[in-house]
Amino acid sequence: MTSVHKLVIIGSGPAGWTAAIYAARAQLEPIVYVGVPKQDPGPILPGGQLMLTTEVENYPGFPDGIDGPEMMDRFQAQAERFGAKVVGEDITGVEFSHDGPHRLHTAGGHVVMAHAVIIATGATANWIGLENELRLARSGGGVSACAVCDGALPAFRNQRLAVVGGGDTAMEEATYLTKFASVVYVIHRRDELRASRIMQERFLSRENARVLWNKVVVDVLGESKITGVRLRDTLTGAESTLDLKGLFIAIGHTPATKFLRGSGLEFDDAGFIALRSRSSQTNIPGVFAAGDVADPRYKQAVTAAGMGCQAALDAEHYLNEHGLV
Ligand code: NAP
């Protein structure tokens, strides 16, 4: 008979690791399913979005900043120090039960049973959805949703590059690209950036920074490598061509919840896991969620970590209350 774990954590970003640290210290013997690296069509890595970031400057306790991947290594080491077990496999399906235990299906065809589950699978990069955009992203043809991962490639040195989007991610990526591109265009669909003032100024202060206001990309040009984009002006409808050697899409993220389809879990209108107010509890007893997968609003490393802590405490309380530990 398959043994039932007290707690399985799915996901390995700040939320998943923080939940693991708290749960391991509470002797819940958590198993953390960290997933495997994949392209869909951009990179998805165990450790989540911080693995695709350079310096994290706004996580308290690191006055000089810290690289995203190093930060996730440290979170993992801290969780493992207290006994969290790490499994490098994807959970591809779930069968949640209102009276438990829950059954989780792994990509390798195994079934894992758990009295409590914390979902901390984060979110993945959005794409515009153009056929040529996705084709060139999949084939490494100079279209990417992660400037920090791909932008430093020799093919982009001293070239004309563009970032689509007007949020903090777009500013961060565009600023990073200004270090080696000849010119970096931010293509934004409105006449006002959504990004915070400090991030805007950091980009706009670079000599090779340009913003193309009120423009959307309607096609990506080039056979095996990108040669440019077709733009449409959102006010006049006029179309134009912009020659480019690289295009970086930074238009937000979608919660990673595909594997939860048909699970009975409740989602909000935007597809994030719905939580009870001020808790990590979902609509299914013993199933908790933390981090970007359940946070349409803040989406910060530090808020995800805080939610991971809440989820571990909620799971511990649930397991105690039901005599499962
Ligand atoms: P975001 O704030 O949701 O911004 C997405 C941007 O993409 C918006 O400007 C939006 O335009 C645009 N957009 C969305 N769909 C589009 C489409 N189909 N075509 C063209 N443009 C489209 O996402 P984000 O920049 O990834 O940031 C997410 C969260 O992470 C935010 O809370 C942000 O503050 C945080 N963050 C913080 C830092 C930092 O502080 N270091 C760095 C990165 C991210 P509209 O403005 O017109 O809606």
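Strands here are DSSP runs of E with at least two residues, helices are runs of H or I with at least four, and both are numbered from the N terminus.

Before I go on, a word on what you're looking at. This is a predicted model, so local features need pLDDT of at least 70 and side-chain atom pairs count only at pLDDT 80 or more, while totals for chains, interfaces and linings use all residues. Residues are numbered from 1 along each chain as its sequence is written, and side-chain values use heavy atoms, with hydrogens and water left out.

Back to that pair. Strand 17, residues 228-233, runs antiparallel to strand 16, and six bridges join the two. Two strands count as paired if DSSP finds at least two bridges between them. On to strand 18: strand 17 pairs with strand 18 over five bridges, also in the antiparallel sense. In that pairing, glycine 228 stands opposite aspartate 243. So what order do the strands take in this sheet? The order is 16-17-18, in an open sheet of three strands with antiparallel pairing. Strand 16 (215-221) and strand 18 (239-243) are the edges, each pairing on one side only. On average, neighbouring strands of this sheet are turned by 30° against each other, direction ignored; the axes are lines fitted to C-alpha atoms, for helices over the stretch in contact, and angles run from 0 to 180 degrees between N-to-C directions.

Strands 17 and 18 also make a hairpin, with five residues between them. Glycine 237 sits in the turn, with a positive phi of about 80°.

Most residues other than glycine have a negative phi, and most peptide bonds are trans. Glutamate 29 is not a glycine, yet it has a positive phi of about 50°. You'll find glutamate 29 in the loop between helix 1 (14-25) and strand 2 (31-33). Then there's a cis peptide bond between glycine 100 and proline 101, with omega about -10°. Proline 101 is in the loop between strand 8 (91-95) and strand 9 (102-106).

Last stop, the ligand. How many residues surround the ligand? There are 19, and the closest are Asp168, Thr169, Arg189, Arg190 and Arg194; a residue is in if one of its heavy atoms lies within 4 Å. By type, the shell has four nonpolar, nine polar and six charged residues. Asp, Glu, Lys and Arg count as charged; Ala, Val, Leu, Ile, Met, Phe, Trp, Tyr, Cys and Pro as nonpolar; the others, Gly among them, as polar. Helix 5 (residues 168-177) gives the most to this shell, with three residues. Domain 1 (4-124 + 253-321) and domain 2 (127-249) each supply at least three residues, with the bounds coming from an automatic or database assignment.
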